[in-house]
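Below is a brisk report on one chain.

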Amino acid sequence: FGVVSQRIMSRSTTMKSKLELKLECRKLPNLDTLSKSDPQVKLEMRRKKGEWQHVGQTEVIKDCLNPKFSTPIVVDYYFEELQELRFTIIDVDANNKFDLIGTVECKIGEIVGAPGSTLLAKIVQKHKAKSYLVVIAEEVEQEGKKDVFFAIRGQGLDKKDLFGKSDPFLEISHPAATGDSWTLVHRTEVIKKTLDPKWKPFDLPMHRLNRGKMDTKLKFDVYDWNASGKADFIGSFIATLDELQKKDQWLLINPKKQKSSRYKNSGTLHIAVKITPAYSFLDYVMGGCEINLMIAIDFTGSNGKPTDPKSLHYVKPGKLNDYESVISSVGSILLSYDSGMKVTLLFFY
């Protein structure tokens, strides 16, 4: 059976993450007369209706023109959405008053797609100073952000069918929130006519398997499938993930059969587990993965002439046609992740 050295089951990636934006400013203008500026950065995000909504702000750093703020601003990151940000840098004065230093507008994709997920942006301001804002994006680590890989096989299971061997399948459950029952987490496929099944390897998010806790009890139940829909119980055992890592053979016990003095067990499960990081889409982007945009346009006559208002290629001054609208909306998102910022354009007719 051996040690599982690699995963042979694909896993999906989440397209939503939480980002911590850590901020620095460089060469800010001095707006105070008797001392240096007291800078602070406020962040807004543009909503779908176009208005700007406050997201968070840093602390105020006294008398500093090159501040490194210790308070990060946390934002929700959605790869499939165009998320526009506006950073406002101010000089805080007494009585909750402030002087505007300048602003920076960018997209989250530009920050994440920058080398090292670090964006250096010039601050737009009316002052003569050439000032810059540094935005560093880091993904917020979430508890239990791991996957547990399982490779399980059975040996010597009880024979439950009259004219053949068993058709076994396995269920894994964890305690319900009330603590008085079990909640199903995973069910394997049925292996027909065997007492020594080898189920397909699978993996489960750790937060779903045991809520991210190594000492949560897990229940393993093996059944014999029947066409009637009523499965026959073969045997079960309970173990924590921590115990599963230390021991790879587990006896299946049927409590009803324990009354017999000759009963030993209902078979054995051999289980290999491996805990691995559950990579998000953002992990791939920050790890250097690039996305390149390639566009192909259908110029065949079936789409009609550009002068025909019913054509997909219809050109109307001041308004995008269907092709232009799609290219603009998709391209504005994907280009932020392409270091070359070049688009391959193909067409056929």
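## Helix α5 and its start

A side-chain oxygen of Asn 321 comes to within 3.1 Å of the backbone nitrogen of Tyr 323, at the start of α5. A polar contact is a pair of N or O atoms within 3.5 Å; within protein, one must be able to donate a hydrogen and the other to accept it, and residues adjacent in sequence count only if both atoms are side-chain atoms. Helices (H or I, at least four residues) and strands (E, at least two) are DSSP runs, numbered from the N terminus. This is a predicted model: local features need pLDDT of at least 70, side-chain atom pairs count only at pLDDT 80 or more, and totals for chains, interfaces and linings use all residues. Residues are numbered from 1 along each chain as its sequence is written, and side-chain values use heavy atoms, with hydrogens and water left out.

Helix α5 covers residues 322-334. Its 13 residues should span 18 Å at 1.5 Å a residue, and its end C-alpha atoms are 18 Å apart, which agrees. The expected span is 1.5 Å times one less than the number of residues. The buried residues of α5 are Gly 331, Ser 332, Ile 333 and Leu 334. Buried means under 20% relative accessible area, exposed over 50%, partly exposed in between (1.4 Å probe, protein chains only). Strand β6 (98-107) is included in what covers the buried residues of α5.

Which residues does His 313 touch, leaving aside its neighbours within four places in sequence? They are Ile 297, Asp 298, Phe 299, Asn 303, Gly 304, Pro 306, Asn 321 and Tyr 323. Contact means heavy atoms within 4.5 Å. His 313 sits in the loop between β17 and α5. Its relative accessibility is 9%, so His 313 counts as buried. The side chain of His 313 reaches the backbone oxygen of Asp 298 at 2.6 Å.

Lys 319 also belongs to the loop between β17 (294-298) and α5. Its relative accessibility is 56%, so Lys 319 counts as exposed. Lys 319 and Leu 209 are 110 residues apart along the chain, and their C-alpha atoms are separated by 51 Å.

## Nonpolar cores

The largest nonpolar core has 41 residues. Such a core is a set of buried Ala, Val, Leu, Ile, Met, Phe, Trp, Tyr and Cys residues joined through side-chain atoms within 4.5 Å. Leu 19, Leu 21, Tyr 77, Phe 87 and Leu 133 have the most contacts inside it. Strand β1 (residues 16-26) gives the most to this core, with four residues. Another core, of 25 residues, lies apart from it; among its members are Ile 172, Leu 209, Val 222 and Ile 271.

Beyond its neighbours within four places in sequence, Phe 87 is in contact with residues including Leu 21, Leu 43, Cys 106 and Leu 133. Thr 88 lies in strand β5 (residues 84-92). Thr 88 is buried, with a relative accessible area of 15%. With the neighbours within four places left aside, its contacts are Gln 40, Val 41, Lys 42, Glu 44, Leu 100, Gly 102 and Thr 103.

## Aromatic pairs

The count comes to nine aromatic pairs. Rings of Phe, Tyr and Trp (its six-membered ring) pair if their centres lie within 6.5 Å; planes under 30 degrees apart count as stacked, over 60 as edge-to-face and the rest as tilted. Phe 150 and Phe 202 form a stacked pair, 5.3 Å centre to centre with 20 degrees between the planes. This pair links distant parts of the chain: Phe 150 is in strand β9 (residues 146-155), Phe 202 is in strand β12 (residues 202-205), and they are 52 residues apart. Both Phe 150 and Phe 202 are buried. Ring pairs link Phe 150, Phe 202, Phe 220, Phe 237 and Trp 250 into a cluster.

## Cysteines

How many disulfides does the structure hold? It holds zero. A disulfide is a pair of cysteine sulfur atoms within 2.5 Å. For Cys 106, the nearest cysteine sulfur is that of Cys 25, 13 Å away. Cys 106 is buried, with a relative accessible area of 7%. Cys 289, at 41% relative accessibility, counts as partly exposed.

## Positive phi

Asp 63 has phi near 45 degrees, a positive value in a residue other than glycine. Asp 63 lies in the loop between β3 (52-57) and β4 (73-78). At 43% relative accessibility, it is partly exposed.

Phi of Lys 193 is near 50 degrees, again a positive value in a residue other than glycine. Lys 193 is in the loop between β11 (182-187) and β12. Lys 193 counts as exposed, at 67% relative accessibility.
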